[in-house]
Amino acid sequence: MVLDDHSATAVVSRRTRISKRVRREIVVGWLFVLPALLMYAVFVLIPFLLSIHYSFFRWDGVGPMTWVGLKNYVTVFQVPDLLGTIVNAFWLVVWFSLIPVGLGLVVASVIHRVAPGRLGAIARTVLFLPQVIPLVAAGIIWGWLLALPGLINQILKAIGLGSITRAWLGDFDWALPSVGVIGIWVLLGFCTVLLLTGMTKVDPALYESARIDGAGWFREFVDITIPLLRYEIGVCLTVTVINALAAFDIVYVSTAGGPGNSTAVPGIQIYILAFTERQIGLASALAVMLMILVVIVIIPIQRLSQEIKQ
Amino acid sequence: MRVSRSELWAGRAFLVSLMVFTILPFISIFTTALHPSGTVPNGLDWPANPQWGNFVEAFKVAQMPALLVSSTFIVLAVVPVSIIISTMAGFAIGLLRIPGASVLLSLFVFGLTLPFPGIIIPIYILERAIRIYNTRLAIVLPLIALYMPFAVFWMRAHFVNMPTEISEAARVDGATTWDLFWHIHVPLARPPIASLGILMSVWTWNQFLLALVLVEDPTQRTMAGALGAFQGHYATDIPLLCAGTLLILLPTLIIFILFQRQIITALLQGSVKG
């Protein structure tokens, strides 16, 4: 009897001790997350919610806020200059994402096939160089290269194409593709090196046997490289698409959205609306649409690459 | 190797031409920087009389020493704090697996898709309200926060793969959660922490939008932000602008050439995990 009693209290006290310890551990665990969560909440999550909130008001940032419902969103759809930024954003996806990834695949497969040694290593490093400099610097450098007396026109004149020289970034039709070329210059090395890393993981026997069968570069590229690198291609697309849609630095420095609105992207337009025209509500509506746009574009890419991973 | 000779040379020529495409812009601004200040030279002409003094002039007008100090200060404030708090959070989510860990993880991952310009307006208004606008803190605090989605995700990916035996053995020896973290798991996490540190340093140094919107004084900004201001002032003096740009690029280029292997690896792992 005494013994039983004793063991019963021991069990009870051990149980309370365990649950106390577990509870303590949960609290300690949450304390570990707290600093990161707090910073993230104050400077990212709350601003995210505030962006949505502001988008329903007319506000100059200082005076009183006037509730306007969905009017700011209607304005974005009605004013061609605002809707045009979304169209331009999709063009930038082509220049800052699809072309660098496509070209990167070609370059990576060429390095893999003809330059596995020294030349390939040098090419990797050199092509990667623009990725580490600030995008602002890339914008300034290319702003000069694409100017009327700049290098691009000098080369065109030298090869007898003097008739098409122009101030590329000041031309309504050519400004956006010119900005696109800057993006290719910056991103090609990143995509190449990323895809090349993926290729080195592919069983070399696959390439070897294809070559024994006499497969040329193109067959090898279509039959082995593209299907087996689908995961890396997905990653590369995700990263570059988010950056393309959120583009700001290169465009701001090289054209500031001009001439006219021909290179204005959402990032630039948000900046101009908010910080020079003081239309906080309208700028926020565009910001919210940009955030929705990113999610809409990213989800299918993620789905595809996740499926492959499994 | 069953690659034909002609293909070999075609491929090499292709690679070399791409390398030229990558390098020429740097050479062009270098030769331009050596022309007399205020002139408009051609894109790739070697000057008759190289003006090395342009670099001295640009060094002075760009206030390089002040810029270096400011950028270094911002990096030193942002990177260690980001590393410590994201490592702690990654440890709790990935290894301790506290209740709610998966919700927390999704919350942080959500931040990876947020485009920067989308939240810049509220950050600006918030900083005016708490009176840190136009100080270095205005860049430091949001930057730490903006790195959290990636950094927590990154550190969690490391901790979630750590074998549980290590922690269990330490627990038996009576280690507290803090001991477990500080004395056992942080030393083991050095490689991912180092990569994260490199990545965040490069990103901070090159950060432009936050600097542009939140700090007016170029000498309180990051390198990229200061470069933007420099361009605003000297847009018409092309040789001086090129000289200044090269000077501002120099630290990044030197660091890249010294640590290229680590930087490339870090940036790649960063994108694959992200």
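# Reading domains, cores and helix contacts

Modeller: In this predicted model, the C-alpha centres of domain 1 and domain 2 of chain A lie 45 Å apart.

Biologist: Which residues belong to each of the two domains of chain A?

Modeller: The domain assignment gives residues 2-54 to domain 1 and residues 77-309 to domain 2.

Biologist: Next, the core. How many residues does the largest nonpolar core have, and which have the most contacts inside it?

Modeller: The general idea comes first. In soluble globular proteins, nonpolar side chains tend to be buried together. Here the largest nonpolar core has 181 residues. Those with the most contacts inside it are Ala36(A), Ala138(A), Leu245(A), Leu286(A) and Ala89(B). Helix 6 of chain B, residues 137-159, supplies the largest share of this core, 17 residues.

Biologist: Take Ala138(A). Which residues is it in contact with, leaving aside neighbours within four places in sequence?

Modeller: Ala138(A) is in contact with Pro130(A), Ile133(A), Ile182(A), Trp185(A), Val186(A) and Ile250(A).

Biologist: And is Phe153(B) buried or exposed?

Modeller: Count the C-beta neighbours. A residue with 20 or more within 10 Å is buried. Phe153(B) has 22 inside 10 Å, so it counts as buried. Phe153(B) lies in helix 6 of chain B.

Biologist: Last, a pair of helices. At what angle do the axes of helix 2 and helix 12 of chain B cross?

Modeller: Two packed helices are described by the angle between their axes and the distance between the axes. The axes of helix 2 (residues 53-61) and helix 12 (residues 238-258) of chain B come within 8 Å and cross at roughly 70°. Helix 2 of chain B is therefore roughly perpendicular to helix 12 of chain B.

Biologist: Which residues meet there?

Modeller: From helix 2 of chain B, Asn54(B), Phe55(B), Glu57(B), Ala58(B) and Phe59(B) meet Pro239(B), Leu240(B), Ala243(B), Gly244(B) and Leu247(B) of helix 12 of chain B. The residues of this contact are seven nonpolar, two polar and one charged.

Terms used: Residues numbered from 1 in each chain as written. Chains lettered and ligands numbered in written order. Predicted model: local features only at pLDDT ≥ 70, side-chain atom pairs only at ≥ 80, totals over all residues. Axes fitted to C-alpha atoms, helices over the stretch in contact; angles between N-to-C directions. Helix = DSSP H or I, 4+ residues; strand = E, 2+ residues; numbered from the N terminus. Parallel < 35°, antiparallel > 145°, perpendicular 65-115°, else oblique. Contact = placed C-beta atoms within 7 Å. Nonpolar A, V, L, I, M, F, W, Y, C, P; charged D, E, K, R; others polar. Core = buried A, V, L, I, M, F, W, Y, C linked by C-beta atoms within 7 Å. Buried ≥ 20, exposed ≤ 12 C-beta atoms within 10 Å, placed from the backbone. Domains from an automatic or database assignment.
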